[in-house]
Amino acid sequence: MTLGYRELRHDPRYTKPLPGDRQFMEECLDLNRPELAEVKALLSGGETEAARDAYLNYIGSGAVKRYYFGPEEVPELMRHTRARYSGDEEALLSVVEADRIAAGSLPLFKGRRAEFAGSGYDWNRWLFDSSQYQLHLTRFSYVKHLSRAYCLTGDEKYARCFNDMMDHFLTDNPAPLEDTFRVQHCTWEPLTVGVRMFHLPEGFITFFRSPAFANEVKMKLIKSFHQHAQYVRLYHATHGNHACMQLRGLLQIALLLPELKEAADWLEYGLREFPYYIRQNVYEDGVQFEASPNYHLVVMRDLFELLPLFRSVGMTPPAVYGEILEKMYAVLMHLLTPDTQLPRIGDTDAHSAGELREVMSLGAMLFGRSDFKGLGGPRLPFSLLFRLGPPAVEAYDRLEAKPPEETAACFPIGGYVLSRSSWEAGALYMAMRAGVGHAGHTHADALSLVLYAYGRELVGDVGMGLYEWNKERKYMVSTKAHNTATVDGLDQHVRSLHWNTPPSAACKIWDFRSSGQFDYVYASHYGYTRCDDPVIHSRKVLFVKNRYWLVIDLFDAKERHLYEQRYHLTPGAAVCDWAKGQISAVRQDAGVLLAYPRQEGAKLSMEEGLFFLRGEYAPIPVAKRSLTSTGGAVMETVILPFQGDRPPEVSITRLAASLNGKPLLPHEATGLRIEGPGFRDEVCVYHGNFPVAAYLDHTGNPVAAPLLPAPAEPEGLELEGRAYASGVIIDS
C-alpha cells in the first residue's frame, strides 16, 4: 500500500496545523506599521481576540486597496449588480450553480460534479477516472458563483456555505512540512496551491462583512494564505504555464495582505520574475509555446487578471505585460472558431461560448479594441463587473464593435495558420498546426487540420483525453489520431514520460498568402528525418473561396516508405463510394465530402478512431489513404463542405503541367480540374520553388532564415499549354 497526503495529512511528522492567532500576529504581521498600532497594543496587553478583531476591522475598513474591490465597496457592487444584471443569463446561471454548491454538489470540470450533500466534505478522495477531478475540487474555481450569487440576491446562505467550506477545508488539509508531498497529485501539489491563491480572494473580500463569515474562519483563511504564499515561493515551477499561475497567485496574496512581513518580498520577487516566465511561455508572435490553444488561454488569463488588479490597487503594470497580452489576444481572436470555441489542438477541450466572449470583452476594455468587442458580448459580461467595477458598464457600451478586418493570419513561430471565409457564424474555417510545441500538452500533430463549415466542426481534432498515461491518452497524443500523415506507422514526435517530454519536431512555414480568391499555406515538418532514410513531410493547403480546401501532402525521401494520411470525422456515420474515391459525412444539415484524385497504388479505407469531448469518449469514423512509394511522393485531397443531407456531384481530373516545355511529375506539380455544382476550377500548384531539404543543417538543427536559399516563382510554368508566372494557379 502506498501512503500519501490523504493518509498522512493529520500526522504531525508530515504536516503542520495553522498557528494560533497570537503566534501568527506576533510572528507574521508587521506590527511596526502605524496602521497596526492598535493590534500591537492589544497583543501587548494579552488581548488576543480583541487584537484579531482589530486587525480584521482594519482589513474591512478599505483603508488599503488590496483587491479589484474592497469589502466597503461590496454594497455598491450589490446594488449595481441587481439593477443591471438581475435578468442576465450568465448571472442567473451563477445563482443556479451557487444553489447547487450550497446543497453540497460541487462542479469539477468536464461536466462532472462531486456530491457531498449530507455526508460532509471529503477533499482527498479519488473521483471518477482521473486524479484531475480531485485537483479541481480543491482549486476552488467554483466559489466565484457563491460570491456572485450573493451580490445578486443578498442571501446569506452563500456566505454561510463559503464560511463552512473554508472552515472544513482548512482544518482537514494542513500544509505539508517542507516539500513532503510536492511531487504527488494531491491537495498540496504546488500548482493547486498557486491556483487556490487567486480563486479564493474573491469570496474572502465579497463575504468579509457578512455576519455569516465568522472572524475565526477569516483568520484561518488569512493564516492559510500566508502558508500558501510561503509554499509557492519555495516550490513554484521553473518552466511552463505552472510557473505563471503560481507567481500570479503569489502576487495576488502579496497585494491582498500587505501587512504580512513577507508580503513586500513576495511582491518584489513576483514583479521581478513574472515577466521572465511570461517571455519564456510566449513566442515573439504572441503564441504560447505548448501548442495548445487552451494553454494559450491559461497563460493569457494570468496577464489579463493581473492588469486590472494592478490598476485597481494603484500600480502601473510593466509595459511588457500589455505588449505581450495584446499579441496573445490577436492570436486568440484568429483561433476562435465560428461557433466561438477554440480548435481542440493539443490539450484543448470545449469551452463555453460565453467564457470566450467574456475574454474578448475584457480585451476590448483593456486595449480599446473594437475588433475584440466584435467577438465579445454586446454588453459588459456579468463576470467582468467583478474585475472592472460598475463604471466599466457604460464605458463598454460606448466602445464600438466591429468584425476584425483580416480573415486569415499566420503566426510563423508559434505555428498556427488560420483562415476563414468571413467572421460570420456559418463561415468556412481552417486551423493548421505547423510549429514546435514544448512539454506534455503538445501532441504529435504537425500539419494537422481542423475544418468548420456552416456552423459545424466537420474535420476535427480528436481531443485531449484525460491526463492519465493510459492507452486512451497515448492514442490522443499520437500522430495517427490527427488529420495529418504518418510515415511507416511512426509518430512524428517521440515522447518520453507523460509530461517531461522533449520538444516536438522542427517545422517551417515556407509560404502564406491571402487574397480575395484564395488563401494558401505551405509548411514542412522534420520529425521523420530521424529515420535511417530521412523523410520530410510537407503540406500545402489551398482554400478556394468559398468552395473547398485542396490539401497536398508531399514526401521527400530516397527509399521505399508507407505513407498514411488520415482525416477524422466527427461522431456519426460516414458513407464511402469506393468507385469514385469519395467519403462523405452529414452532421445536421451540414456535411463534408472527401474526394481523392485517382492515383496508382493508393488505397482508400476506413478505420475507427476515438473522440474525446467534455470528459466522454466516443468512436468516430476515420478516412485513411495509404500509399507505398519509393522516392518523392504526393497525396492530394479535395475537402468540400456542403449543406443538405446529400453530397454534391464532384469530379476531379488530373491535368498536365510542364516547366519550360518539360513535363512535370506529380510530386513536382499538382494539376487538377475540379468540377462541382456551379463551378469548374483548373488548379496548378508547383512544388519546386522552396528548398525544404535545406532547412536542417548537417547536425539536424534548423538553419537561420538569412542563410536559407531564396525561393523563386517558376518561370515558364504551363498548365494544359497555358503559361503562368506564379507557382499557385487557379482558373475558374
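**A first look at the chain**

Author: Let's begin with contacts, meaning heavy atoms within 4.5 Å. In the protein chain, 67% of the contacts with a separation of 6 or more are between residues 24 or more positions apart.

Reader: Before we go on, what kind of model is this?

Author: This is a predicted model: local features need pLDDT of at least 70, side-chain atom pairs count only at pLDDT 80 or more, and totals for chains, interfaces and linings use all residues. Residues are numbered from 1 along each chain as its sequence is written, and side-chain values use heavy atoms, with hydrogens and water left out.

Reader: Ok. How many helices and strands are in the protein chain?

Author: The protein chain has 21 helices and 29 strands. These are DSSP runs numbered from the N terminus, with helices (H or I) of at least four residues and strands (E) of at least two.

Reader: And what does the C-alpha trace span along its principal axes?

Author: About 100 × 55 × 50 Å.

Reader: How much of the protein chain counts as buried?

Author: 60% of the 732 residues. Buried means under 20% relative accessible area, exposed over 50%, and partly exposed in between (1.4 Å probe, protein chains only).

Reader: Switching to helices, what's up with H9?

Author: Helix H9 covers residues 156–172, and its end C-alpha atoms are 24 Å apart, which agrees with the 24 Å that its 17 residues should span at 1.5 Å a residue. The expected span is 1.5 Å times one less than the number of residues. Its buried residues include Tyr158, Phe162, Met165 and Phe169.

Reader: What covers the buried residues of H9?

Author: The cover includes H6, strand E2 (105–107), H8, helix H10 (190–199), H11 and helix H12 (215–235).

Reader: And H5, how far does that reach?

Author: Helix H5 (residues 74–85) reaches 15 Å from its first C-alpha to its last, close to the 16 Å expected for its twelve residues. Among the buried residues of H5 are Val74, Leu77, Met78 and Tyr85. Their cover includes helix H6 (89–102), helix H8 (143–153) and helix H20 (391–398).

Reader: H8 again! Where is histidine 145 placed?

Author: Histidine 145 is in helix H8. It's buried, because its relative accessible area is 18%. Leaving aside neighbours within four places in sequence, histidine 145 is in contact with Ser94, Glu97, Ala98 and Ile101. Histidine 145 and valine 95 are 50 residues apart in sequence, with 6.8 Å between their C-alpha atoms.

Reader: New topic: where is alanine 505 found?

Author: In the loop between strand E10 (485–487) and strand E11 (507–514). Alanine 505 is buried, with a relative accessible area of 13%. Not counting residues up to four places away in sequence, alanine 505 touches Gly435, Val436, Gln492, His525, Tyr526 and Gly527. The C-alpha atoms of alanine 505 and valine 436 are 6.1 Å apart, although 69 residues separate the pair along the chain.

Reader: Last one. Is tyrosine 686 buried or exposed?

Author: Tyrosine 686 counts as buried, at 13% relative accessibility. This tyrosine lies in strand E26 (residues 679–686). Leaving aside neighbours within four places in sequence, its contacts include Lys540, Leu659, Pro714 and Gly727.
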